[in-house]
Structures are given as C-alpha cells and as structure tokens.
Amino acid sequence: MSIQLEIVSPEKVVVSQQVDMAVLPGLEGDIAAMEGHVPMILLLRGGVIHLYVGDKITDSFFVESGFAEMKETGCTVLAKEVKKLDELSEEVATKLLADLEESFKEAAKGNDAERQRELIDEMQNAQVMLELATSVKK
Amino acid sequence: MASLKELRARINSVKSTKKITSAMKMVAAAKMHRAEKRSREAKPFATTMQRILVNLKESLGDRPGMPKLLAGTGKQDLHLLIPMSSDRGLAGGFNGNINRATRDLIQKLLKEGKNVKICPIGFKAYVYFRGEYPDLVVGPEGGDHRLGNVTFETADQVASYIEKLLETQQCDVCTVVYNQFKNVMLQIPTALQLIPLNVAMTEEKQKETLDEKLATRTEQLQAEYLFEPEPEEVLHRLLPQNLRVQLLSAMLETNAGEQGARMTAMDSATRNAGKAIDKLSLHYNRTRQANITSELTEVISGANAA
C-alpha cells in the first residue's frame, strides 16, 4: 500500500521514494495522496508536505507555489521552491516579508491590481515560511 | 621553397595558435561541466511539467474555449520560430547547424504560403537571420537577442513576448529550434513546438511519448483528471509557467551544448596544430640540413680546385 512520491524543484529532484501517504497543502485545503487516489491535478499553496510511512511522519518539506499530479500509483509535486524544514531561516523569511510589503505598497500606489494579488500570495507564503522557521527553532 | 627564417616564423605562429586553442579547450571543458550539471538538474522539472500538461490536454480533449497557450488559436498561418544559438563562435558546427535547420524550416513554411516571424536567441543566430531575412526578425522590446548567462529573466522576457504576440493574434504556432544536448560530442538540432502544445514533435520524443502512452493505456484507459481548483484556473497558472520552463530548459541545453561543441572543436584544432608543427619542423630540419650539405660541397669543391 504505497505510492511513489516525487518532489521536483527547478534545480533538482529533491525526493523520489516510496511512501504510504503524503499530505499536500492544496490551495483549497490539505489533501492526502494515497494509493488508489483518483487522478487529480492540484494547485498548492505555500505550506508543508508531510511524508508518512506507516503512521509516522518520516520527513517534511516546505514548498512554495507549486502543483501536484496524483495518480493511483504515485504523486508528483513540482514546486518553485522546495526546502527541508530545518533549512528555513527566520531572518531570511522576515527580510523577504519586509521586502514584499515594500513592493506591495509600491504596487498599491501604481494601482496595479494583478501585481497586488500576486504579492498577496507571495506574502502569505513568506508568512507561512516565517511561522515554520520560528516553530522549528523552538 | 620557403627560407629558413620564414619557416621559423610559421612554426612559431602555429605554436602560439596551439596554445590558444588548448587554453580555450580547457576553459570550455570547465564551463561545460557546470553548464551540463545545471541543465541536467533542471531537466526533470521541465519534462515532468510537459508530460503532465500533455496528459492534461489529452484528458480534456477538444473542448472549446481552451487557453491559447495550450490549444493555439485554431489556425496554422502565422509561425513564430525561435532559433537558439550561442553568443560566440568557434564552436564547430554548433551554430551553423541551428541556422541551417531553421532556414530549411523557414523555406518550407514560406513555400507553403505561411507567414513566418523569427525571434532569435543567441547573438550568432541573430546576426545570421538579420542578414538572411531582415524583414522577418522580431524580438521583445529592449531585448538584445543574447543568450547571456542564461537566467530565468531572459526566458521570462521572451515568454512574455510570445504571450503578447499570441494575444494580439500575430502568432498561431510557436516553435523553438535548439541543440539538444546528448553528450559532449553530440548535439542534435531539434525543433520543439511550444504552441499549440506538442502536436508535431521530433521523432525521438514522439516515440518516447508513444511508449508512455502505451504504458498509461494499459494501466488505465485514459486518465480523467479531477481538478482543484477549476481546470481554467489550474491551466491559467500552469501554462505560462510551462512556457518559461521549457524555454529555460532549451536555453540551458544550448549553453551546455555550446561549451561541449567548443571543447570538441578546440580539441581537434589543438591536435591539427600539433600535426602542422611536426610537419613544419621536419621540413625546417630537412631544409637546414640541405643548406649545410650544399655549403660543405661548395667549400670542399673550392678547396679541391685550389
């Protein structure tokens, strides 16, 4: 009862292994990929993928702006950014958030609605990243 | 017959040429190593994305109102070709192959009465097509047609330009012609159609997908995908990303291929220079010996006469 999980970033294949279940942060809520799942294309929000073998979480990865393809026998995740949880840094996330807020203000001045929406998404991702980084530290 | 002085000068000049070519070979080898790694590591992302979208397209079928990036405009009249070359020469047939392959394609399309535009990436291709088809060359505003260090920004710029052409109905079909990086010795000029997605592909790739298709067919008849959120939204997000990723991947392969081709070219140039030096040295020594012999003969016959 296992599926082949692959997590691919633009730089490399980060994960390629058999897992019993993977919980993905879908845009509209978390979804678990398991064997026999109906084929599905899923957009992801910034969040954490948990890999389960048996009942235990064996590994967790932070992903940002990606999507996943699920099939009966496997699941492929493509994401712009993939990081192990302990690779996340509080400072980097704080700085990123501050930068994004800055650009958001600028976009608001220029009345660029589309850019604003993009930035809100990115800010949410950065927020999640920051929260994770702090919680891992504790 | 060349004098000794002339021969010496020739030998020296070939020697310094050899030094240059062998240095270029070393540099290209080091650069290729990095470029190839980059290209190899970026490949899975691009191929997986392409595969998912191809599956997706098949499962969605020919319903109306599909995004243009996926299904095209429904016409086949306006072609945009994107030949990808390196910025610099001295890489054997690397750029020539791309230019020739693209030119053949252009001539074929023109003969069929199609409208063709060319948006070269890489300075060598740009210079070539500016000379051959000055009226057909187009490009993004402010773009310099250079490959540069191959960054996401360049791919993004070109992709935005393609999207703009597509929106304003100045383009129906978009094809990239680039050197597929097989290994150091072998780069294969390949035409990859980006829009509409994946109808005419290279033979090899077609075979690959055929095999894949067979595999998935036996597994399950046809994957009917569920979408979350709606298919329109998913495609809206994925397609522009795919265009950029495919362009970047082709650019990375071009970059790696350029260094590989240069390395091979410089290697054989170095070897040829070595051979030329041997030949010239032999010639030089023979001439010198002949001169000494004839001088000796003169001296001896002079002494005998006295």
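Helices (H or I, at least four residues) and strands (E, at least two) are taken as DSSP runs and numbered from the N terminus. On this basis chain B of the predicted model contains 7 helices and 5 strands, which follow one another along the sequence in the pattern α-α-β-α-β-α-α-β-β-α-β-α. Residues are numbered from 1 along each chain as its sequence is written, and chains are lettered from A, with ligands numbered from 1, in the order in which they are written. Because the model is predicted, local features need pLDDT of at least 70 and side-chain atom pairs count only at pLDDT 80 or more, whereas totals for chains, interfaces and linings use all residues.

Of the 306 residues in chain B, 33% are buried, a residue being buried if 20 or more other C-beta atoms lie within 10 Å of its own, exposed if 12 or fewer, and partly exposed in between, with C-beta atoms placed from the backbone. Two residues are in contact if their C-beta atoms, placed in that way, lie within 7 Å; among contacts in chain B with a separation of 6 or more, 78% involve residues 24 or more positions apart.

In chain B, 4 strands form an open sheet of mixed pairing in the order 2-1-3-4, where two strands pair if DSSP finds at least two bridges between them. Strand 2 (115-118) and strand 4 (187-195) of chain B are the edge strands, each pairing on one side only. Strand 1 (residues 78-83) and strand 3 (residues 173-181) of chain B run parallel and are joined by 5 bridges, and B:Pro83 stands opposite B:Val177 in strand 3.

Helix 3 (residues 94-111) of chain B has 18 residues and reaches 26 Å from its first C-alpha to its last, close to the 26 Å expected at 1.5 Å a residue, the expected span being 1.5 Å times one less than the number of residues. Within helix 3 of chain B, the residues B:Phe94, B:Asn95, B:Ile98, B:Asn99, B:Thr102 and B:Ile106 are buried. Seen down the axis of helix 3 of chain B, its buried residues fall within an arc of 115 degrees, so they line one face of the helix; the arc is that of the directions from the helix axis to the C-beta atoms. These buried residues pack against strand 1, strand 2, helix 4 (123-132), strand 3, strand 4 and helix 7 (231-305) of chain B, whereas B:Asp104, B:Gln107, B:Lys108 and B:Lys111, on the other side of helix 3, are exposed. Just after helix 3 of chain B, B:Gly113 takes a positive phi of about 80 degrees.
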